[in-house]
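Please read the points below with the structure open beside them.

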Amino acid sequence: MQLLVYVLIYPLLWIISRLPYKLFYFFSDVVYIIVYRIFGYRKKVVRDNLTLVFPKKCDIELRRIEKDFYKHMCDMFLEMVKTMHLSREEVKKRYNVTNINVLQNILEDKSILVVCSHYANWEWNVSINNYVDGKGYAVYQKVSNDYFDSWIKKTRARWNTTLITQKETVKTVMSNVKNNVKSIYGMVSDQSPMVHKGQYWTEFMDIKVPIFNGAETMARKLDLAVVFLKVSKVKRGYYTAEFIPITTNAKNTEKNEITNQFLQLTEQQIKEKPEHYLWTHRRWKHRNRVPKEFL
């Protein structure tokens, strides 16, 4: 069954990836109408999230953000498909890294954990490995379909990035430390952990929720430098990436210090352009289940 699904869907993805940009984004507009206007994909979740985190915004403003978000989401996921045949020169043109020297300077001394959120185009973040000499890894969630999982790995490997699961991350880092291999590890860190795994609860967009702090735990344990990757959408199909150092001495930071700085930087992004955040996730679903010790 997995092979059948792959055989049926892959040709369509291949065709989409080959479309000229004007036709490509016209197709995205059509997808937006289908996803938002016709099927209303997760519209209630998006609407509830926006109303919850922006209680002072009027309905007109919230609907504008909602519509702009769906347009951006369709663009972003199709841009992920476009990666299949996106050359190194083309991605450098469309994903401009403004201060790669930040990574280059830190990489001379130690490996780096680059943390980001589900904002703008996180799929093209793997292209930063085109700019540096260190080996690049991206922590990802394995796709249930083995054929699509292999396709994703192959596609991202074109930009010198190796995909590893969360379970493989610590082992990979420790192996590279042992062999003195300077590396860059990318991790999207704004997921919502399950309640029983929520070791830290704090406010995110003024609402107390469980926080995933695996990135900080790993950085402190293995003494990785931590850098926040801020990606901004300049215009349709074009992004800029800026690296903001959080710490180069993780093992000497206070508990939750790295996590709190990451959350602050993520909130700043969301408030600047809320339509570029991934609102389809139920990020605040556990807000009414705060343990007594975190009240």
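1. A search of the whole structure finds one cavity of 30 Å³ or more. A cavity here is a set of points on a 1 Å grid over the protein atoms alone where a 1.4 Å probe fits but cannot get out. The volume of the largest cavity is about 70 Å³, taken as the space filled by probe spheres set on the points, with grid points joined across faces, edges and corners.

2. This is a predicted model, in which local features need pLDDT of at least 70 and side-chain atom pairs count only at pLDDT 80 or more, while totals for chains, interfaces and linings use all residues. Residues are numbered from 1 along each chain as its sequence is written, and side-chain values use heavy atoms, with hydrogens and water left out.

3. Residues lining the largest cavity include Val115, Ser189, Phe212, Glu216 and Phe262; a lining residue has an atom within 4 Å of a point. Helix H9 (214-222) and helix H10 (257-272) each supply at least two lining residues, and H10 gives the largest share, three residues. Helices (H or I, at least four residues) and strands (E, at least two) are DSSP runs, numbered from the N terminus.

4. Helix H7 (residues 146-157) has twelve residues and should span 16 Å at 1.5 Å a residue, which agrees with the 16 Å between its end C-alpha atoms. The expected span is 1.5 Å times one less than the number of residues. Its buried residues are Phe148, Asp149, Trp151, Ile152, Thr155 and Arg156. They cover an arc of only 160 degrees around the axis, which puts them on the same side of H7; the arc is that of the directions from the helix axis to the C-beta atoms. Buried means under 20% relative accessible area (1.4 Å probe, protein chains only). Helix H1 (2-18) and strand S4 (161-164) are among the elements covering these residues.

5. Asparagine 130 lies in the loop between strand S2 (112-116) and strand S3 (135-139) and, at 12% relative accessibility, counts as buried. Beyond its neighbours within four places in sequence, asparagine 130 is in contact (heavy atoms within 4.5 Å) with Arg88, Val91, Lys92, Trp159 and Asn160. The C-alpha atoms of asparagine 130 and tryptophan 159 are separated by 6.2 Å, at 29 residues apart along the chain.

6. Leucine 229 belongs to strand S8 (residues 225-235) and counts as buried at 2% relative accessibility. Leaving aside neighbours within four places in sequence, the contacts of leucine 229 include Tyr95, Val115, Asn125 and Phe243.

Key: Buried < 20%, exposed > 50% of the residue type's maximum accessible area, 1.4 Å probe, protein only. 1 Å grid on protein atoms, 1.4 Å probe; cavity = no way out; pocket = protein on both sides within 12 Å on 5 of 7 lines; lining within 4 Å.
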